Amino acid sequence: MGLSTHVLDTAHGCPAAGMGVTLSLLGQGPSRQLKHVTLNADGRSPDGPLLDGAALKKGNYRLSFEVGAYYRARGISLPEPAFLEVVHLDFGIASPEQHYHVPLLCTPWSYSTYRGS
């Protein structure tokens, strides 16, 4: 059914419009970048699912969220180095026939995630 994400900026109480997100496939060697998107006004991929239908395979994946750059673009003064620059979420797809939704809730100092629907 596919893989999607949604990012909410909980420091400002809004979607993380403009945040960059990279999807990579993890394996025994180096990771392989599959897609890079800039989130739309709703904090979602502008093209719909990151992977759709048959493109989603069983395996290990990584979503990399460019949190530091997002907050700097919003005018937030961050220390150097920032506490959170890029949030990497590694997760497994065991049943590619199901939908996997991986949301991120973030601030410059914290984040949380879960498997959504």
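**Aromatic rings and their surroundings**

Mentor: If rings are paired when their centres lie within 6.5 Å, the count comes to 3 aromatic pairs. Please bear in mind that this is a predicted model. One of the pairs is formed by Tyr61 and Phe91, which is stacked because the ring centres are 6.1 Å apart and the planes meet at 20°, an angle under the 30 degrees that stacking requires. Another pair, Tyr70 with Tyr71, is edge-to-face, with 4.8 Å from centre to centre and 75° between the planes. Both Tyr70 and Tyr71 are buried.

A further aromatic ring, that of Tyr100, has the charged end of Arg115 over it, 3.7 Å from the ring centre. Tyr100 is also among the residues in contact with Ser4, as are Leu50, His99, His101 and Val102, when neighbours of Ser4 within four places in sequence are set aside. Ser4 lies in strand β1 (residues 2-9) and is buried, because its relative accessible area is 14%. Its side chain makes a polar contact of 2.6 Å with the side chain of His101.

Strand β1 in turn belongs to an open sheet of 4 strands with mixed pairing, in the order β2-β1-β7-β8. The edge strands, β2 (14-15) and β8 (111-113), each pair on one side only. Strand β7 (residues 99-106) runs antiparallel to β8 and is joined to it by 3 bridges; Cys106 has Tyr111 of β8 as its bridge partner.

How values were computed. Residues are numbered from 1 along each chain as its sequence is written. This is a predicted model: local features need pLDDT of at least 70, side-chain atom pairs count only at pLDDT 80 or more; totals for chains, interfaces and linings use all residues. Side-chain values use heavy atoms; hydrogens and water are left out. Two strands pair if DSSP finds at least two bridges between them. Helices (H or I, at least four residues) and strands (E, at least two) are DSSP runs, numbered from the N terminus. Buried means under 20% relative accessible area, exposed over 50%, partly exposed in between (1.4 Å probe, protein chains only). A polar contact is a pair of N or O atoms within 3.5 Å; within protein, one must be able to donate a hydrogen and the other to accept it, and residues adjacent in sequence count only if both atoms are side-chain atoms. Contact means heavy atoms within 4.5 Å. Rings of Phe, Tyr and Trp (its six-membered ring) pair if their centres lie within 6.5 Å; planes under 30 degrees apart count as stacked, over 60 as edge-to-face and the rest as tilted. A charge sits over a ring if NZ of Lys or CZ of Arg is within 6 Å of the ring centre and within 35 degrees of the ring normal.
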